[in-house]
Amino acid sequence: MSYTALVVEDEPNIVLSLQFIMRQLGFTVRVASDGEQALKAIDEFVPDIVLLDIMLPKRDGFQVCEIIRNNPSCQRLKIIMLSAKSREADRDKAIALGADEFMTKPFSTRTLGDLVKKLTGLPEKAGG
Amino acid sequence: MNSSVVITVSFLYLGLLFAIAHYVDSRAGVRRVLSRNPYIYTLSIAVYCTSWTFYGSVGRAATTGLDFLPIYLGPTLVFVLWPFIWIKIIRICKQNRITSIADFVSSRYGKRASIGGLVTIIAVIGTMPYISLQLKSIATSFRILITSPGGGRVPEIPVEPIFFMDTTLIVAITLAVFAALFGTRHIDASEHHEGLVAAIAFESVVKLVAFLTVGIFATYGIFGGFTDLFQRASVDPQLRELFTVSNGTGYSSWITMTLLSMAAIICLPRQFYITAVENAEESYMRKATWLFPAYLLVINLFVLPIALGGRLAFSSTEVDADMFVLTLPLYYDHGTISLIAFIGGLSAATSMVIVASIALATMVCNDLVMPLLLRSRWFQNRQAEDLTGLLIAIRRTSILFILILGYGYYRFASESYSLVTIGLVSFAAAAQFAPAIIGGIFWQGATFRGAICGLGAGFVVWLYTLFLPSLAQSGWLPDAFISEGPFGLEWLKPYALFGLDGFDRLTHALFWSMLANIGGYWVISLLTQPTAIERIQAKLFVDVFRLTEGNTDSGYWRGSVTVGELQQLVGRFVGVRRVEQAFEEFATDNNVTLRKGQSVDSSLLEYAERLLAGAIGSATARVLIGSIVKGEIVSLDEVYRILDETSQVIEYSHTLEQKSAQLQAATEQLQMANNRLKELDSLKDDFLSMVSHELRTPLTSLRAFGEILQDNPDVSQQERQQFLNVIVTESDRLTRLIDQLLDLAKMEAGRMDWSLSDVNVNAAVEDGVQALIGLVREKNIDFYLDIPRFLPTVQADRDQLIQVIINLVSNAIKFCDPYNGKIWLKVRDEGDELIITVEDNGLGVPAPLKEKIFERFHQSAAIGGSKPQGSGLGLAICRQIVTFFGGRIWAENMSAGGARFVFTLPVEARGSSALAGD
């Protein structure tokens with residue numbers, strides 16, 4: 001069984017890059033372009049990891065994170081928050097709300113890959 | 001008569017005066033007897049009768065008849081009818097250790113040095129004519145006496161100089177030296193000068209006896225008694241007029257002179273000094289109330305007989321009537337009586353000069369020089385020295401200075417006037433003090449400002465209507481000053497101010513000066529609030545009887561000063577030995593022992609202040625004592641009185657309330673400013689954070705795809721192409737964003753390089769549309785263009801105008817109906833402006849956001865919630881550009897749905913101003 005990732009991002013080009021990276025790592029990738037879509041997607045199917053942008057239409061990343069973390073069925077789910085805001089306060093808030101990691105845009109795809117592997121316990125050379 | 005005889009007799013007389021004063025002062029026993037004597041006191045008040053009375057009254061009687069009388073009527077009325085005024089003033093002077101009239105006024109109005117100084121200046125200038133009158137009479141009588149041929153020949157006043165020198169100057173200097181030696185032997189001015197008073201009383205006897213001698217000689221020696229004299233005179237109709245009351249304007253001048261002399265008997269500095277300051281017992285005033293008028297009556301008995309005798313004797317020739325008293329016995333060859341007359345005149349003049357100059361010198365020293373000196377650095381460097389020598393020097397210099405001033409006035413102005421006319425000028429000056437003094441002791445509401453305004457105004461009018469014209473008449477100012485007014489201004493003629501004509505000069509001057517004086521005093525007093533100390537002083541003066549009938553003042557000082565310090569301070573002004581004595585007296589009187597290190601209690605401090613006040617005036621004394629008593633002056637009485645004045649407390653709390661309201665308002669303003677700053681600060685933070693976000697987003701794609709392409713050399717050709725496209729478009733986006741940011745920053749800072757020219761709007765709109773036409777077609781949008789064929793050119797930057805069109809149209813593309821998009825671009829010519837609208841058929845702008853969308857980085861979600869493309873700077877830039885062109889831009893919703901963006905471009909206004917700028 002393969003791992004599943006949910007990418008929550010409203011910038012189509014960033015979605016494109018994240019999709020590509022996660023597939024490379026062997027994930028099945030689902031995409032949501034705003035907060036509501038993200039929550040709906042999680043209701044349907046709990047992924048192994050969520051890449052969550054903060055500045056989103058409708059519900060922002062913080063709200064989504066909080067809701068996920070209050071959902072008992074999502075306890076094992078890992079969250080990496082991605083933000084174009086670089087303020088320390090945002091990082092602290094994200095971690096406090098239950099995010100596992102916080103990355104500032106622009107991020108390195110390599111670091112992202114390492115983090116994803118570390119969080120999900122993915123073997124070094126999974127997938128193809 | 002031999003001049004050496006006259007000079008010898010004169011100096012013998014002056015020596016006698018000195019001896020009397022010295023004898024009285026040095027014999028304690030004699031002093032006690034004399035100082036407890038109401039007759040001596042009354043006789044000293046007769047210093048009122050000067051050579052004006054001795055020579056001038058006769059002169060006046062001989063020319064205008066009974067006119068000489070009102071000058072004595074006024075004082076008589078004051079003494080007989082209103083002695084309580086004097087009693088009150090005397091009580092106040094004793095309570096407050098007042099040393100002079102200036103001290104009295106300054107003490108009443110809050111112990112301010114400024115008003116004391118003003119009174120002093122008025123007194124000195126006002127007394128100048130009076131002193132000059134005395135100098136003139138002595139010099140003239142002396143010259144007549146030593147040159148008179150006698151033996152039935154008419155005496156003439158010889159022309160100067162005699163002895164190759166100015167006799168008047170010699171007289172002035174002699175009198176100055178005499179007065180200086182006489183009046184300033186010791187310093188404490190309010191300690192009574194029994195010697196001086198005794199000498200003045202003696203002079204009053206001498207002048208009375210001398211005048212009576214001449215009168216009896218004239219009446220019985222030359223003529224056969226009163227009946228004979230009046231019968232002879234009544235034959236001559238001219239002379240008969242003299243002893244009947246004149247009619248016409250005579251009445252107004254009678255009233256004027258009576259009022260004036262009433263004021264003068266109180267307000268002349270020397271009368272105030274002798275009557276109030278030198279008074280030993282209040283009860284003496286009761287005797288003086290009838291004795292002094294009696295003296296005036298007696299000395300006036302023979303005025304008319306001598307005047308008539310003179311007129312009869314010198315009927316054929318012109319002889320100065322002012323000198324009848326002397327020339328009559330000379331004419332009839334009675335040397336002894338002539339000499340007695342001369343000595344009488346001398347005594348009348350010297351008594352006035354001595355008392356006036358001492359009183360004035362005290363004022364100059366205490367109320368003019370000392371207040372200035374106390375402030376000077378020179379003085380502060382001499383903290384420890386004994387200053388009694390300095391005080392004496394100041395007073396002596398002042399006396400000399402005052403006499404020189406009197407002499408100066410004599411030289412400049414008074415040679416051509418009769419004695420009485422000169423004297424009346426001085427009376428009018430002294431009368432200026434009357435409102436401040438009389439008002440001050442009866443009206444508590446009178447304030448410092450009122451007093452100083454009234455005094456100042458009255459004095460200025462006096463200067464203008466009496467003093468300056470007297471200089472003009474003597475040729476020291478152009479005659480036109482009197483006849484045509486200054487600079488030809490008729491209504492400013494000094495003898496007919498504001499066209500007031502028909503009064504004699506004196507009445508005219510008194511009317512205007514008193515109108516200004518009393519008016520200013522009254523009105524300003526009503527308009528101003530007295531300070532605490534003024535209120536206290538006002539109460540002390542007005543209620544002096546009520547406050548002093550009970551026990552002694554329970555004034556109480558708080559502070560810490562030792563007996564030694566106090567003694568040292570007072571000693572510097574009063575003399576160390578004298579203070580030691582005074583303190584010992586105080587100790588025995590109060591049954592206490594005083595040690596140097598002991599701290600001073602209230603009664604000793606007040607005692608010391610009174611001692612000091614005697615030497616340097618009450619205002620200065622208060623400052624000095626206040627300077628050594630640490631802490632403010634707080635007397636229980638003062639506190640009660642101040643609390644009594646609830647109005648002041650209320651006023652104070654009202655002020656406090658106002659202050660606190662002001663503070664509150666200021667705090668609110670500060671808070672608002674602070675909030676605004678915080679807002680601006682957070683706006684700046686938001687802006688930076690938005691900029692950061694907007695820059696990072698394209699950068700994220702760039703970096704991600706760059707790395708992907710690097711790490712995955714084996715991606716398909718199709719994917720590679722897609723990723724490279726992303727890199728290119730995101731690079732474009734980044735570039736555009738940076739350009740817009742820079743443009744916006746430049747526009748906001750006013751540093752944008754605009755290239756203004758006459759722009760063809762048709763062409764510009766077409767260019768803008770052209771840039772987007774591809775996108776419009778791609779999205780299948782219906783685009784309608786509605787532009788008149790001929791439009792006026794506008795003054796604008798062509799590229800920026802196109803930018804506005806592009807921004808608005810691309811917004812419309814983003815927000816129009818996604819499936820059946822429609823966009824209208826219309827231009828209307830309104831004459832003075834072009835109106836350009838861009839409409840779409842989207843959802844429109846939510847009402848609360850109509851303004852917000854023009855702010856930086858405001859982004860609206862596009863249809864379907866997807867994130868709109870764009871920086872969020874477009875509309876902000878549009879607004880900057882349109883505003884710069886002089887137009888407006890706004891958004892509205894169409895009734896059919898959809899948004900409409902409107903902007904205007906002015907056609908002429910902008911154009912002409914831009915042309916002017918070229």
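This is a predicted model: local features need pLDDT of at least 70, side-chain atom pairs count only at pLDDT 80 or more; totals for chains, interfaces and linings use all residues.
Two strands are said to pair if DSSP finds at least two bridges between them.

Stepping back to the whole sheet, five strands of chain B lie in the order β2-β4-β5-β7-β6, forming an open sheet with mixed pairing. At its edges are β2 (782-786) and β6 (889-893) of chain B, each of which pairs on one side only. From one strand to the next, the twist averages 15°. A helix of chain B, α36 (residues 798-815), packs on the sheet and touches β4 (822-829), β5 and β7. The direction of α36(B) makes about 25° with that of β5(B). How enclosed is β5(B) by the rest of the structure? Six of its eight residues are buried, so β5(B) is largely enclosed.

In soluble globular proteins, nonpolar side chains tend to be buried together. The largest nonpolar core in this model has 204 residues, and those that touch the most other members are Val105(B), Cys267(B), Val325(B) and Ala428(B). Helix α18 (residues 335-375) of chain B gives the most to this core, with 24 residues. Which residues surround Ala428(B), leaving aside its neighbours within four places in sequence? Its contacts are Leu260(B), Trp462(B), Leu466(B), Leu506(B), Ala509(B), Leu510(B) and Ser513(B). There is also a second, separate core of 40 residues, with Leu744(B), Val809(B), Leu873(B) and Val882(B) among them.

Finally, the two chains meet in a contact that takes 22 residues from chain A and 19 residues from chain B. On the side of chain A that touches chain B, the elements giving two or more residues are α1 (12-25) and α5 (109-120) of chain A. The largest share of this side, six residues, comes from α1(A). Sorted by class, this side of chain A has nine nonpolar, six polar and seven charged residues.

How values were computed: Residues are numbered from 1 along each chain as its sequence is written. Chains are lettered from A and ligands numbered from 1 in the order in which they are written. Two residues are in contact if their C-beta atoms, placed from the backbone, lie within 7 Å. Helices (H or I, at least four residues) and strands (E, at least two) are DSSP runs, numbered from the N terminus. Ala, Val, Leu, Ile, Met, Phe, Trp, Tyr, Cys and Pro count as nonpolar, Asp, Glu, Lys and Arg as charged, and the others, Gly among them, as polar. A nonpolar core is a set of buried Ala, Val, Leu, Ile, Met, Phe, Trp, Tyr and Cys residues joined through C-beta atoms within 7 Å. A residue is buried if 20 or more other C-beta atoms lie within 10 Å of its own, exposed if 12 or fewer, and partly exposed in between; C-beta atoms are placed from the backbone. Axes are lines fitted to C-alpha atoms, for helices over the stretch in contact, and angles run from 0 to 180 degrees between N-to-C directions.
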